[in-house]
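Thanks for coming. I will go through one structure today, starting with charges and ending with the overall fold.

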Amino acid sequence: MISNESSLSPAEASSLPSEASTNQSSQVLLESDQHPQESSRTRSSSLLATYRERSASSASSENVQSSSNQQHRLEDLTEKMFENFIELLQGEMQAGFNELSLLQQMNAAITKKYEGLNQKTEGVHANLKKMMQLYESLQTCFQEVDSIDISVNELNNIVNYLDVYTKQLELQLKPFL
């Protein structure tokens, strides 16, 4: 098997099968073809053992080379994650402070508005009390006006009756005059 492993990264090179493991896999497959009665379980365990050997050998060489790189990269990523998390928390806290400030401003504006409405209501209430007192004091005058109106209506009726009566008398006395 010919491969150009020098131009590949360690991770890519480890993913390529080695000649020894390829030979072992081929040998297992040949043996299983020669013994058709062998159970699939035995074949699977043989293939699994071969896979484990290959991955163990590639992992050990890869681990040695990339262990320090992975550790450094992990530290950088962890630091970046914590920085981003801190920014997130600060943003959430600032949003909460902004909402609190807005609520305080709204509360102050509503308090001023209700104070103004309260003053207007107190003024209307005071004017209503004055009007009620004035009405009560004028109630006797209203009663007198009502009684005078009744008297005037009665007097008007009497005047109308007298006017009609005088016209009748005039008609009766006109031939005599």
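Across the whole structure, a search turns up 1 salt bridge, meaning a side-chain nitrogen of Lys or Arg within 4 Å of a carboxyl oxygen of Asp or Glu. This is a predicted model, in which local features need pLDDT of at least 70 and side-chain atom pairs count only at pLDDT 80 or more, while totals for chains, interfaces and linings use all residues. Residues are numbered from 1 along each chain as its sequence is written, and side-chain values use heavy atoms, with hydrogens and water left out.

Which residues form the salt bridge? They are aspartate 163 and lysine 167, with 3.9 Å between the closest N and O atoms. Side chains of opposite charge can pair when their charged atoms come close. Both residues sit in helix H3, 4 residues apart, which is about one turn of the helix. Aspartate 163 has 37% relative accessibility and lysine 167 has 49%, so both count as partly exposed. For that scale, buried is under 20% relative accessible area, exposed is over 50%, and partly exposed is in between, with a 1.4 Å probe and protein chains only.

Next, the surface patches. Patches take residues with over 30% relative accessible area and no salt bridge; like charges are joined within 9 Å, and nonpolar side chains (Val, Leu, Ile, Met, Phe, Trp, Tyr) within 5 Å. Glutamate 75 belongs to helix H3, residues 40-173.

There is also a nonpolar patch, with about 1100 Å² of accessible area together (Shrake-Rupley method, 1.4 Å probe); its members include Leu155, Tyr161, Phe176 and Leu177. Leucine 177 lies in the segment after H3 and is exposed, at 89% relative accessibility.

How many aromatic pairs does the search find? It finds 1: tyrosine 135 with phenylalanine 142, tilted, at 5.9 Å centre to centre and 50° between the planes. Rings of Phe, Tyr and Trp (its six-membered ring) pair if their centres lie within 6.5 Å; planes under 30 degrees apart are stacked, over 60 edge-to-face, and the rest tilted.

Last, the overall fold. The protein has 3 helices and 0 strands, where helices (H or I, at least four residues) and strands (E, at least two) are DSSP runs numbered from the N terminus. Of the 177 residues, 4% are buried.
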